Amino acid sequence: MGHGRHHPLIMILPVIGALLFGRVLPAWTLSLATIGASNALVALGVVVLARAGNVSFGQGLFFAAGGYGVALIANSWGITDAVLQMVIGAICGCLLGLVISPLIARYSGIFFGMLTLALSMVFYGALIKTTVLGGSDGFNVGRPSLFGISFVDLREADFMLYAVAVVTAGLAAIAAVILFQSEFGLASLAVRENNLRVEYLGISANSVIAANFVIAATLAGTSGALALMAQRHIDPQFAYWTTSGEFVFVAVLAGYQSVLAVFVASLALELVRSFSNLYLPNTWQLALGIFLLAVILFLPRGIGSLWTRERHRRTERSLAAPTAAEEGAPT
Amino acid sequence: MNFFLTIVLDGLIEASWLFVVALGMTLVFGVLKILNIAHGSFYALGAYVAATTVILVAAHGLPPAAGFVAMLISVALIGSIVGLLLERGLLKMFYGRDEVVLLLVTYAVFLILEDTTKLIWGLNPIYATQPYELFGNVEFAGLYYVGYDLMLIPASLLIGFAVWYGLNRTIMGKIVLAVIHNEEMSASMGVRVHRVYAGAFAFGVLLAALAGALTAPKISMQPGLSSDVIILSFAIVVIGGLGSVEGAAVGAILVGLARATSVHLMPQAELFVIYLVMAAVLMFRPEGLFKRETGRRI
């Protein structure tokens, strides 16, 4: 439960801190942090789903939907504003999530994963085929602007995106903490433990799963927009299953108890990736695989358990909610 | 009419090797309840090992037939050794954990094997076409086919029959079926379940590697091979029903035909068509076409 004892809004302070810190960071870390925050948003969605006991292997679907939606709308309407693009991405993800959620809410466990995988691969297959959208090569988009200002200086442009990413990620994190502490968030945990009992208590397990699914889709859509702006290029790889696999990877690394851990894990992954690209160009997946195995083996609750477990021991306030979070297997 | 026949034959050729891959995957799921993402990597491993063997044999001036036999033997050996090592050395540690955790473990194995094959065989495409001419060209109802391709159909039928016979008509197979059905009960009846696990996993890897070897002369081996194959065999086992041998056969034929049809009529739509079928099957029959009655919540 991450920040159980603080008011969630206190997290605004680190967000502002990170924003100011960006002024002194070298340029390459800015874009790295932007990508890290973008991936963390999708992984946060995976965590939201996992708290209700489901693992999605197809978040790439909404990631790509957000990216392509923004790219198409921005190109045809001439929208370059970064914030507007994020909103469009979120809406694209949310709408697609709304369409799919009633269908997917009936599934759980491995079938949930398979169906999400199948849907994202259908989208991938369709994108590959659509020559109007550049087929498997994708297409490029222009630089985003912010509030009517377009940035010519590359460093300033990178910092602008970094700022947008940090603020978005901060807002998402605050929203996630509030969500996890809310009645709905606790109901999600209960669905994972025993969905039948939840139904007896008068809550529809299916609608809990569906709502979580829409939230995750919205986060992924937002992230797709952010990734599009950072790369200024989009291709069907956004929807491929290995992309979705990476989001699950970040979520597993983070564990399902701390929101902060998701961002730490995503940044760590991006750092590992960029250093490996430099020093071990052909073996970074190898390193990643071994890392993943080690985490599953030695930190089954993710890196978030490093600090949440510590705090529980200290405070010994075993409320119902934290114990439910602790006992749940890291599915 | 000829066009139709082409599609059917191409589809069956495609289905034949896909069936062998999917058979391994579905067996592993049936016995160990692991949805093995690394299965495609074992296919790629088999293909690479086969290519190396074929090239080595050809370098010694031996005939292609010797290369063909050597490639099957080397792949069978390496496939089962890798399978046993992985099961005993790695998967064993995660038994009893959630299905999804095991899925992630195999995802890690997939990542590791992906780079390992790159390290061993490099990034450039490898060709091993010598055995491809082994069976000559065959004329079939006015169509010319490479004999090797047509040979794949009876070869996969043979493998399928052997697996079916082994499972249903031998003592060992009955034991495996018992473990698939109820592992705790089999253990209490004196079955050494962990041996069945090890054997089944090794056999699954062997089948994937064998399919890789059989297709090695037809294709170029390069990075990315495994992730393409895994999504096809995923689709097949989900369409047919996880853990069902008959399902794997029907799923493979459906996917093979869908692929061939789209290649001839609407190229590049193949993934779209296949996954559309898979999504449709999951929506209406989540347990696959060949549903085994279970009390499990889906």
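Reader: How many residues does the contact take from chain A, and how many from chain B?

Author: In this predicted model, the contact takes 38 residues from chain A and 34 residues from chain B. Two residues count as being in contact if their C-beta atoms lie within 7 Å.

Reader: Which helices of chain A each supply at least two residues of the side that touches chain B?

Author: They are helix 5 (109-129), helix 10 (241-254) and helix 12 (284-298) of chain A. Helix 5 of chain A gives the most to that side, with 15 residues.

Reader: What makes up the side of chain A that touches chain B, in terms of nonpolar, polar and charged residues?

Author: The residues of that side divide into 26 nonpolar, eleven polar and one charged.

Reader: How do you know where helix 10 of chain A and helix 12 of chain A meet?

Author: The contacts are between named residues. A:Phe249, A:Val252 and A:Leu253 in helix 10 of chain A meet A:Leu292, A:Val295 and A:Ile296 in helix 12 of chain A. By class, this contact has six nonpolar, no polar and no charged residues. The two helices pack at an angle of about 35°, with their axes 10 Å apart.

Reader: Why is the crossing of helix 10 of chain A and helix 12 of chain A called left-handed?

Author: The term applies if the near helix is turned anticlockwise from the far one by less than a right angle. The crossing of helix 10 of chain A and helix 12 of chain A is left-handed.

Reader: Why is helix 3 of chain A called largely enclosed by the rest of the structure?

Author: A residue is buried if 20 or more other C-beta atoms lie within 10 Å of its own. In helix 3 of chain A, 13 of the 18 residues are buried, so this helix is largely enclosed by the rest of the structure. Its C-alpha atoms, from first to last, reach 25 Å, close to the 26 Å expected at 1.5 Å a residue. Just after helix 3 of chain A, A:Gly78 takes a positive phi of about 70°.

Reader: Why is A:Leu25 called partly exposed?

Author: A residue with 20 or more other C-beta atoms within 10 Å is buried, and one with 12 or fewer is exposed. A:Leu25 has 15 other C-beta atoms within 10 Å and is therefore partly exposed. Its place is in the loop between helix 1 (12-21) and helix 2 (27-51) of chain A.

Reader: What makes up chain A as a whole, in helices and strands?

Author: There are 14 helices and two strands in chain A. Buried residues make up 55% of its 331 residues.

Reader: What makes up chain B, in helices and strands?

Author: Chain B has eleven helices and two strands. Read along the sequence, the pattern is α-α-α-α-β-β-α-α-α-α-α-α-α.

Reader: Why is chain B called as compact as a globular protein of its length?

Author: The radius of gyration of chain B is 19 Å, close to the 19 Å that the globule rule gives for 298 residues, so chain B is as compact as a globular protein of that length. Of these 298 residues, 50% count as buried. The C-alpha atoms of chain B fill a box of roughly 55 × 45 × 35 Å, taken along the principal axes.

Reader: How do you know that the span of helix 4 of chain B agrees with its number of residues?

Author: Helix 4 (residues 99-121) of chain B has 23 residues, which should span 33 Å at 1.5 Å a residue. Its end C-alpha atoms are 32 Å apart, which agrees. Just after helix 4 of chain B, B:Gly122 takes a positive phi of about 80°.

Terms used: Residues numbered from 1 in each chain as written. Chains lettered and ligands numbered in written order. Predicted model: local features only at pLDDT ≥ 70, side-chain atom pairs only at ≥ 80, totals over all residues. Helix = DSSP H or I, 4+ residues; strand = E, 2+ residues; numbered from the N terminus. Nonpolar A, V, L, I, M, F, W, Y, C, P; charged D, E, K, R; others polar. Rg over C-alpha atoms; globule rule 2.2 N^0.38 Å. Expected span 1.5 Å × (residues − 1). Axes fitted to C-alpha atoms, helices over the stretch in contact; angles between N-to-C directions.
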